[in-house]
Amino acid sequence: TGPWVAETRAWLDLDLSVAPVKGEMLRMRLPGRNISHDFTHGLISLYRRGNDEVWIGVTREDAGFDESATGSGRQTLIDGAARIMPAIRDAETIEHLAALRPMTRSAIPIVTVAAGWSNVFVANGGGIKGMLLAPGVGAAVRDLVVMGATALPLPELVAQGVM
């Protein structure tokens, strides 16, 4: 359900503290040789993709359910990336993307058996690191399904009173 988890409230009686956070990203082509490594400084990262593409991410904005890419987001990404690699200002923009990510207040994902259910599992709220956290979250859900418990520390659940 991602950032649209509030829609489950009516049929599962769950009230999870997850909100949408908009993130923007650029796919660019550098003139000449591509970068040989990934670079990160603060929220801004440059990721080598293929022989001639670099992906630049990421912004983080509370924008409700607005998924539109913005000029200010593009400028933030280019300015941030240029601090890491000035040549990025000469790169060709291939694509400008924006997407919503589900995020908890603490930025720690919720992973649990839904209160009042034995066959409903919650894995949500990974935010801007959701894809990076997905293997650990998936392992925790597997543990919950197979063994009924997980060794993953889940402080967000205690704070929200879900467990």
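User: What makes the span of helix H3 close to the expected one in this predicted model?

Analyst: Happy to go through it. H3 covers residues 130-147, which gives 18 residues, and from first C-alpha to last it reaches 24 Å.

User: Where is the kink in H3 centred, and what follows just after the helix?

Analyst: The kink is centred on Gly136 and amounts to about 35°. Just after H3 comes Gly148, with a positive phi of about 80°.

User: Which residues of H3 are called buried, and what do they pack against?

Analyst: The buried ones are Val137, Ala140, Val141, Asp143 and Leu144. That label means a relative accessible area under 20%. These buried residues pack against strand S6 (110-113) and strand S7 (121-124).

User: How do you know that Arg49 lies over the face of Trp55?

Analyst: Arg49 is 5.4 Å from the ring centre of Trp55. The cut-off is 6 Å, together with an angle within 35 degrees of the ring normal. Arg49 is listed as lying over the face, so the pair meets that rule.

User: Why is the contact of Asp15 and Arg9 called a salt bridge?

Analyst: Their closest N and O atoms are 3.0 Å apart, and the limit is 4 Å, so the pair qualifies.

User: Which salt bridges does Arg29 form, and what do they tie together?

Analyst: One is with Asp52, where the closest N and O atoms are 2.8 Å apart. Arg29 lies in strand S1 (residues 19-29) and Asp52 in the loop between strand S3 (44-49) and strand S4 (53-57), so this pair links parts 23 residues apart in sequence. Another is with Glu92, at 3.4 Å from N to O. Glu92 lies in strand S5 (residues 92-103), so here the parts tied together are 63 residues apart in sequence.

Technical notes:
Residues numbered from 1 in each chain as written. Predicted model: local features only at pLDDT ≥ 70, side-chain atom pairs only at ≥ 80, totals over all residues. Heavy atoms only, no water. Helix = DSSP H or I, 4+ residues; strand = E, 2+ residues; numbered from the N terminus. Expected span 1.5 Å × (residues − 1). Bend = angle between axes of the 7 residues up to and from the residue. Buried < 20%, exposed > 50% of the residue type's maximum accessible area, 1.4 Å probe, protein only. Contact = heavy atoms within 4.5 Å. Salt bridge = Lys/Arg side-chain N within 4 Å of Asp/Glu carboxyl O.
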